[in-house]
Amino acid sequence: MEPKARLWLRYVSIFVFLAAVFQTASAVTHYTIPEEMDEGTVVANLVSDLGLDLKSLSKRKVRLDVVANKKYLDVNKDTGELYILERIDRENLCPIKSVTTCLLKVDATLENPIRMFNIELEIMDINDNAPRFRRDTMHLDISEATAIGERFSLTNAVDPDTGSNSVKAYYLSESDHFSIEIQTGRDGSKFADLILKKSLDREKQASHNLILTAVDGGVPARSGTASIIVRVLDTNDNAPQFDEDSYTINLTENAPIGSLVVKLNATDRDEGSNSDIIYSFSLYTSEKTQQTFSLNPEDGEIRVKEMINYEDFRIYDMEVIATDKGANSLSGKCKVNILVTDMNDNHPEISIKSFTSPVKEDIAVNTVIAVVSVSDKDSGENGQVDIHISDDLPFALKESSDNYYELLVSEPLDRENVPEYDITITVTDRGNPPLSDNETITLELLDINDNVPQFPQTFYTIPVMENNAPGALLSSLTAIDPDLHENQYLVYFIIEKEIVNTSMSMLFSINPENGNLYALKTFDYEIEKEFLFHIEARDSGVPPLSSNVTVHIIIMDQNDNTPLIVSPWRAHGSVVEEKIPRSTDKGTLIAKVIAIDSDSVHNSRITYQFLHNTDATLFSLDQYNGEIRTMRMFSYRDSRHQQLVVIAKDNGEPALSATVTIKLSTVETALKTYADMTEVPLGYDIFSDINLYLVIGLGSVSFLLLITILVTIVLKCQKTKPSKAAPPCRNSVISERNSTIADSTLVSNDAYWYSLFLAETRKGKLVVRQPVPKGARYVVSSLPRSTGLTETSDSAASTLQASTTTSSSST
C-alpha cells in the first residue's frame, strides 16, 4: 500500500471514531482526507453514516451541490458510497494560507420527500510543493562602511503547502562576511535576513555571490534556491529615517480608487544626492498589497489602487523603504498596518435548491413547489436577511430551517386566467442602506378540461341568396374553448332535425374541424324561405364538454323569374289579332295586358311600355295596369291595320321582361247588343259548331253572372274591415270607364284559370274564357265601379299579379 493511501486510511479511521462520538452533538457530517487522492477513491458510505435506506436512494434522486464550478465528489446510487470524482488540490481550494483548516462543504439533497444533509470534508495538506523564491536572483548594494551586524532583507521563499510542509529553514552558502537570521511572520511564514558579520572592503572584493536555500518541513523535505549578488558600495554613512517606525491606519472598504491612505515622511541628515529620498515597498510587502495600494516614490503618498473588499482581506501589512540617492545609498524602513472596516457592500444571494414545474392547474393548496436558500457575505446586521414575494401572487414562503424556505401554493390556480407565473423571490439585508437581490422562477400550469366551448353568439341569422351553387360556404361558426391541446380541439356537427321527411344533414353540411357551414343543394325562394336548426361544438377532453347554437337560414329572393303575359291569351306565338269598330270613342279600352311574376313583391312589380306603336297619337298605354285606350277618334286618314308591341318589365336587377304583339283591324260595323249576339253566331274560331257555341255561351254567362253577384256581396261585406293582406298592387284591375270590368274574385289551382271581362256593348255583355299555363296560382280581384283601387282578399295567398284583357270580335 502506498504511503498516501495509508495516511488517508489513518485519517478516515480517526474521523469515523470522532464522528461516532459527536454524532448526536452536531448536524454536520465531517470527514477528513488528504489532498490529491486518486479519482474514484471512496471517502465514506453515506447510507450507513446518515441512516438512509439504500433501496430508496436512487428513487429519491440524491445529488450533491457543485463547488466553484467543479464537482469534486459524487455518490454511488447503487452502494451509497461517497467517492472522489476529481482530484482535490488543497492549495487551489483554499488559496489563503492564513486558513489553517481547509473545508469542502457539500449539501446532499434527497427528494420525495425533500431532505438535506450538510457534509464537511476537511482536506489535509501533503507536501506536494517545493519552496520557491519570488526572485531567482537578488541584488543587494551594501556600503563598505556598513557596520558589522547590519541586516538586509531578502526575498522570502513561498511554499503553497501549510503547517509543517511549509518553509521551515533557510541555509546560506559558506561565506566569511555574511550569515542569515530567520524571522517568523504573523502568519507563521519564515523570512531570512542577511547579516553582515565582517566589515566589507570594496577594494578587496567588489561583490559577493551567495546561494540561499529554503527547505520545508515535509517528509521527505523539499527545497528551492536563489542567488544573492551583493555589490559593495562606497561610503554613505547616513540612512533615511521615518517619523515613526510603525503606522496603523483604519480604512473603510470600497474606498474610492485614488483616495489617500497616508503620507509617509522620511529625512536624511546627509546633503546633496545622499539626502534625496525614494520610497518603495520592501520585499516583505506581498504582491496582493502592492496590487491594492500604490506608493508615490517621490513624496511617500500611499493611495488606493483597486477596490478593497472586507470579505477578501481585512488587514494589509506593508513595509516601506526610504532610500537616499547617494553614491552608496542608505535606506530606512517603517511598517504600515491598514485595518479594513466592514460596510454593507455585498448583496444577499438566493439559491434555488429544488423547483417543480410544470404543475396541473388543480394542484392542491399548501403543496411545496420549490425550496430556496439565502445567504449574505457581510457580517453583523449587514449579513442578516429578510425574504419575501409579491402579495398579489397565490403563493407563500415558509421557513423550513436556518436560511432555507419552502415556496407553497396558497390559493387555487386557474390556467385560463393566468397560464404561467413569474415568481420573483426578493431577499433584503438589514444594513444601512439595505441591499437586496432577487431570483425569478417561472411556474407553468398544465391544462385540465374545465371549460365548456362557447360561441360568440347564441343565435345566428344567415341570409342566403337563392339559386346558390351547391357546396357554397354560408358562414363560419367558430366556438372558443380556453383550454389547451385535446381539451381545446373542437368538433362541430349539426343536431339532426327533419323537415318534411328531409334531414338537415341532407340540406347543410358543417366542417367538423373549423365550423364552416355549407349548403348541399340549390335553394329556391319560391319554394323554401327559411330553415331553423342547431349546431353543437364538442371538445376532445375526457370527459368531453359541449354547447350548441341556433342557426336561422333565410333564403333571399333573386330576380330569376321572367314575367309571364297571361292576357290577352295567345293560342300560338306572341301575336294577338283583334277587331275594333272605327267609330270607337276617345278613351275606349281597346285591350288590357296582364303579366304575372312569381318572384317576391319587389322583383314582381310589373310596368308596361310600348316597344312599337303604329300611331303614337292614337293609342295610350297605362304603365301600371297595362290598359290600352284610344286617345282620339279614328279618322279616314288612319290606317285600317294597327300594330302594337307591348313589353312587360319587372322591377328586379337586372330587369326581366316579356312582349306581346297586338294587331288591330278596324271595321265599319258596330258591335251588336247582347240580345242580338244571342241570335247571331259568334265568329270565334275556337268553336266549330254554332249551336254548341250558343249553348255554352248562354250557360257560361248565366253561371258567371251568379258568381259575380255572390262575389260582389262578399266584397261589400268585407269592405268595412281593413285588409290584412299586402297593400294594393299597381297591377290590379282598375276601370276608368263607367263599365264594370270584373265584379268577382277567383282563386284557382287548376290547369286553367278564368279571367272575367264584362264589356258593355250595344247588344249586351260578352264572356271570354282564357287559359294560362298549368301549375300557377293567382288571384284576380276587382272592385265595384264606384271604387278607384283594387284590394286583395284576406284568404288570398299572394298579391294580385295579373288582370284580364278585353277580347272582342265583330259579328
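Predicted model: local features only at pLDDT ≥ 70, side-chain atom pairs only at ≥ 80, totals over all residues.

Tutor: The chain has 7 helices and 53 strands, and 43% of its 811 residues are buried.

Student: Let's begin with a pair. What makes Glu36 and Arg87 a salt bridge?

Tutor: The closest N and O atoms of Glu36 and Arg87 are 4.0 Å apart. The cut-off is a Lys or Arg side-chain nitrogen within 4 Å of an Asp or Glu carboxyl oxygen, so the pair counts as one of the 18 salt bridges in the structure. Glu36 sits in the loop between strands S1 and S2, and Arg87 in the loop between strand S5 and helix H3, so the bridge ties together parts that are 51 residues apart in sequence. Glu36, Asp38 and Arg87 are also linked in a salt-bridge network.

Student: Why is Glu36 called buried?

Tutor: Its relative accessibility is 18%. Buried means under 20%, so Glu36 gets that label.

Student: And Arg87, what is its label and why?

Tutor: Arg87 comes out at 39%. The middle class runs between the 20% and 50% limits, so Arg87 is partly exposed.

Student: How do you know that Asp74 and Lys71 form a salt bridge?

Tutor: Their closest N and O atoms are 3.7 Å apart, and the limit is 4 Å. Asp74 has 17% relative accessibility, so Asp74 is buried. Lys71 has 31%, so Lys71 is partly exposed.

Student: What about Arg632 and Asp615: how far apart are their closest N and O atoms?

Tutor: They are 3.0 Å apart, and the two residues form a salt bridge. The pair links distant parts of the chain, with Arg632 in the loop between strands S49 and S50 and Asp615 in the loop between strands S47 and S48, 17 residues apart. Arg632 has a relative accessible area of 24%, so Arg632 is partly exposed, while Asp615, with 18%, is buried.

Student: Which strands make up the open sheet of 3 strands?

Tutor: The order is S35-S40-S39, with antiparallel pairing. S35 (473-476) and S39 (508-510) are the edge strands here. Neighbouring strands of this sheet are turned by 20° against each other on average, direction ignored. Leu473 has Tyr518 in S40 as its bridge partner.

Student: Last one: which residues make the nonpolar surface patch of about 400 Å²?

Tutor: Leu706, Ile709, Leu710 and Ile713 make that patch. Take Ile713, in helix H7 (residues 690-718). A patch member needs over 30% relative accessible area, and Ile713 has 48%, so Ile713 counts as partly exposed.

How values were computed: Residues numbered from 1 in each chain as written. Heavy atoms only, no water. Helix = DSSP H or I, 4+ residues; strand = E, 2+ residues; numbered from the N terminus. Buried < 20%, exposed > 50% of the residue type's maximum accessible area, 1.4 Å probe, protein only. Patch = residues over 30% accessible without salt bridge, like charges linked within 9 Å, V, L, I, M, F, W, Y side chains within 5 Å. Areas by Shrake-Rupley, 256 points an atom, 1.4 Å probe, with all protein chains shown as cover. Pairing = 2+ DSSP bridges. Axes fitted to C-alpha atoms, helices over the stretch in contact; angles between N-to-C directions.
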